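Reader: I am new to this structure. Could you show me how to read it, feature by feature?

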Amino acid sequence: MEFLNPVLNGFGVVMDPQNLLYCLMGVVIGMLIGVLPGLGPAATIAILLPLTYGIEPVTAIIMLAGIFYGAQYGGTITSVLLRLPGEASSVVTVFDGYVLARQGKAGTALGIAAIGSFIGGTVAIIGLTFLAPLVASFALDFGPPEYTALALVGILLVATISGGTKIKALIAAAVGLLLATVGRDVFTGAERFTFGNLSLADGIDFVPIAMGLFGLGEILYNLEERHRAVSAPAKVANVWPSRADLRKSSGAIGRGSVLGFFLGILPGGGATISSMVSYAVEKKRARQPERFGRGAVEGVAGPETANNAAATSSFIPLLTLGIPANATMAIIFGALLIHGITPGPQLIVEDPDLFWGVVNSMYIGNILLLIMSIPLVGLFVRILRVRAAILAPITALITILGAYTIRNSMFDVLLVVLFGVLGYLMKKFGFEPGPLVLAFVLGELLESNLRRSLLVLDGDLSGFFTRPITAVLLMIFVLVAVGPMIKSASARRRTPDTTRVPADSQEKS
C-alpha cells in the first residue's frame with residue numbers, strides 16, 4: 001500500500017483542472033506538430049520552453065510530455081494520407097499506410113494506428129509505473145564514479161546509434177562536449193573559451209542551443225526543401241477497422257508494445273529505431289512477407305505501437321537516472337533544470353507529486369489521443385494546405401522572441417541565430433543535431449563527476465574498476481566502442497579479394 005499511495009496522489013495531481021487543460025493542450029499541439037513535416041517535437045518543445053516559465057513545474061512538464069507522445073500519432077496522418085512522414089518515427093508507416101489509403105482504406109490504417117498507439121502507450125506507462133521505482137532504488141547506489149561511467153556510455157550510445165554515419169555523429173557529440181566546457185570552471189574559477197566575453201562567463205545556456213539547432217535550423221532547412229510537391233490528401237473512409245483487420249493486427253500490436261518499451265529505454269534508441277525494428281520483425285514473421293509494402297495492415301500496426309511505447313518508456317532513464325535517451329528527452333531534461341528540478345534517483349522521494357503526476361498524465365493523454373485522433377483528421381488535412389512560406393516566418397518570430405524573454409538579452413538572440421545557422425549546415429551536410437545536444441547535456445555531468453571521482457580516488461584511475469557497477473558500465477563502453485571495429489575487420493577478412501590475380505593465370509598469360 002505504501003507504493004500505491006504516491007501513485008494515487010499522482011492521479012490527484014493530474015485531475016487538477018489546470019493540469020488536465022495543459023495535458024489536453026500538449027497532446028493537441030503534439031498531434032498538430034506531428035502533422036507538419038519537418039518541425040518535430042524537439043523543435044516545438046525548444047520553442048515553447050520560455051512560455052513555461054510562468055506556470056508550475058509539474059504543469060509545464062505534463063504539457064511538454066504530451067507534445068512528445070502526441071507528435072508520434074500526428075506523424076501517422078501525413079504518412080498515410082500524403083506519403084509524407086511528419087515524424088522520423090513514421091517513415092516505415094508510409095510503406096503500407098499510403099498503399100492502404102490508395103486502396104480506399106485510409107480510415108482502416110488510421111484507426112489501427114490509433115488503437116495500436118493507445119495500447120502501446122498504455123503498456124509502456126504500466127511498465128514505467130512499476131519499473132521506474134526499481135531503477136531509482138538501484139540508482140541510489142550511484143556515486144561520482146558510477147555517474148561518470150554512465151555519462152560516458154550514454155554519450156557513446158547516442159553517438160553510435162543515431163541516424164547518419166557514425167563518424168559524423170561522433171563529431172557532433174565531440175562539439176557538444178566542447179560547448180559544455182565553455183564558461184567559468186566550477187572547481188578552479190578559471191575562464192575557459194570565453195575570449196574575454198562576459199556573457200560567456202557563466203557558460204552557454206541550454207535553451208538558445210536547443211532553440212537554434214532544432215527550431216531555427218529546422219525552419220531554414222525546411223524552407224529550402226519547400227519546393228517538393230505534395231499530392232492531394234487521400235479521402236478518409238471506413239474510420240474503424242474491421243474485426244479481420246483487428247485480428248491480423250493483434251500480434252503485431254502485442255510485439256510492438258514489448259519491443260518499443262525496451263528499445264525506448266536504451267540511450268539513442270527511441271521511437272524511430274523501435275518502429276523500424278518492429279516493421280522488420282513483422283515482415284520476417286509473416287507467412288507471406290511479399291504482402292508488406294502492398295497494404296499489409298500489420299505493417300502499420302506494429303511500428304505505430306512500437307513508436308508510442310518507446311516515446312513513453314524513454315522517460316524511465318530521464319526521470320530515474322537523469323540521463324536523456326534521445327534529443328527530445330534532452331530538451332525536457334533542460335526544462336526540468338530550468339524549473340529547479342534535478343532528474344535522478346532522488347526525484348521519486350523528493351518530489352513524488354511531480355514524478356507521479358507526469359507519469360499518470362500519460363494515461364489521460366493516451367485516452368485523449370484515442371478519442372480525438374479520427375475526428376481531428378479533417379482539420380489536420382486542412383492545415384497541411386497552409387504554405388511553408390506563411391508558417392516559417394511566424395515560427396521564426398516566436399523562436400526569436402522566446403530567446404529574448406529568457407534573460408532579456410540580445411546575446412541570447414545572437415546565439416539562437418548562430419546555432420540556427422549551425423543547425424541548418426549540419427542538416428545540409430548530413431550531421432544529426434541530436435548527438436550534439438545530448439553530449440552538451442551530459443558533458444557537465446561527465447566532467448563534474450569525473451573530477452569528483454579523481455578527488456575521491458586520489459587520482460588513481462584503477463579505482464574505477466574496483467567498484468562493481470562502474471566496472472560493468474565501463475565494460476559496456478568498451479564493447480560498444482570496439483565491437484563495430486572488430487565486426488568490420490572480421491567482415492573484411494571473410495570477403496575474398498577479387499583484385500588479386502591467381503598465379504596460374506599469370507603463368508598462362
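Reader: Let me start with one residue. Where does Phe 193 lie?

Author: First, a caution: this is a predicted model. To place a residue, look for the elements on either side of it. Phe 193 sits in the loop between strand 2 and helix 9. Its phi is near 55°, a positive value in a residue other than glycine.

Reader: Which other residue has a phi near 55°?

Author: Phe 195 does, again with a positive value in a residue other than glycine. Phe 195 also belongs to the loop between strand 2 and helix 9.

Reader: Is Phe 195 buried or exposed?

Author: Read the relative accessible area. Phe 195 has 76%, so it is exposed, the cut-off being over 50%. Phe 193 has 45% and counts as partly exposed.

Reader: Now step back. How many helices and strands does the protein have?

Author: There are 22 helices and two strands. The chain has 509 residues, and 53% of them count as buried.

Reader: What share of the contacts with a separation of 6 or more joins residues 24 or more positions apart?

Author: The share is 78%. For one example, take Phe 187, in the loop between strand 1 and strand 2. Phe 187 and Arg 451 are 264 residues apart along the chain, yet their C-alpha atoms are separated by 8.8 Å.

Reader: Which residues does Phe 187 contact, leaving aside neighbours within four places in sequence?

Author: The partners of Phe 187 are Ser 448, Arg 451, Arg 452 and Leu 455. Phe 187 keeps some surface: it is partly exposed, at 35% relative accessibility.

Reader: Let me turn to charges. How many salt bridges does the structure hold?

Author: It holds nine. To read one, find the two charged side chains and check the N to O distance. Arg 451 and Glu 447 form a salt bridge, with their closest N and O atoms 3.1 Å apart. Both residues lie in helix 20, which spans residues 433-456. They are four residues apart, about one turn of the helix. Arg 451 is partly exposed, at 23% relative accessibility.

Reader: Which residues are linked with Arg 451 in a network of salt bridges?

Author: Asp 185, Arg 192 and Glu 447 are linked with Arg 451 in that network.

Reader: What does Arg 184 pair with in a salt bridge at 3.4 Å, N to O?

Author: The partner is Asp 202. This pair links distant parts of the chain, 18 residues apart. Arg 184 is in strand 1, residues 183-184. Asp 202 is in the loop between strand 2 (191-192) and helix 9 (206-224). Asp 202 is exposed, with a relative accessible area of 69%. Arg 184 is partly exposed, at 39%.

Arg 184 also forms a salt bridge with Glu 191, the closest N and O atoms being 3.8 Å apart. Glu 191 is partly exposed as well, with a relative accessible area of 43%.

Reader: What about a polar residue inside? Is Ser 117 buried or exposed?

Author: Ser 117 has 5% relative accessibility, so it counts as buried, the cut-off being under 20%. Its place is in helix 6, residues 106-139.

Reader: Which side chain does Ser 117 join in a polar contact of 3.0 Å?

Author: That of Asn 308. Ser 117 also touches Tyr 73, Glu 304, Thr 305 and Asn 366, with residues up to four places away in sequence not counted.

Reader: Back to the surface. Which residues form a nonpolar patch there?

Author: Leu 220, Val 417, Val 421, Leu 425 and Phe 429 do, with about 400 Å² of accessible area together. Helix 19 gives the most to the patch, with three residues. Leu 425 has its place in helix 19 and is partly exposed, at 38% relative accessibility.

Reader: Last topic: confidence. Where is it lowest, and where is it highest?

Author: It is lowest in helix 22, residues 503-508, at a mean pLDDT of 52. It is highest in helix 19, residues 410-428, at 89. The protein averages a pLDDT of 79, and 84% of the residues score at least 70. Where pLDDT is low, the predicted coordinates should not be read in detail.

How values were computed. Residues are numbered from 1 along each chain as its sequence is written. This is a predicted model: local features need pLDDT of at least 70, side-chain atom pairs count only at pLDDT 80 or more; totals for chains, interfaces and linings use all residues. Side-chain values use heavy atoms; hydrogens and water are left out. pLDDT is the predictor's confidence in each residue, from 0 to 100. A salt bridge is a side-chain nitrogen of Lys or Arg within 4 Å of a carboxyl oxygen of Asp or Glu. Buried means under 20% relative accessible area, exposed over 50%, partly exposed in between (1.4 Å probe, protein chains only). A polar contact is a pair of N or O atoms within 3.5 Å; within protein, one must be able to donate a hydrogen and the other to accept it, and residues adjacent in sequence count only if both atoms are side-chain atoms. Contact means heavy atoms within 4.5 Å. Patches are made of residues with over 30% relative accessible area and no salt bridge: like charges are joined within 9 Å, nonpolar side chains (Val, Leu, Ile, Met, Phe, Trp, Tyr) within 5 Å. Accessible areas come from the Shrake-Rupley method with a 1.4 Å probe; for residues, only the protein chains shown count as cover.
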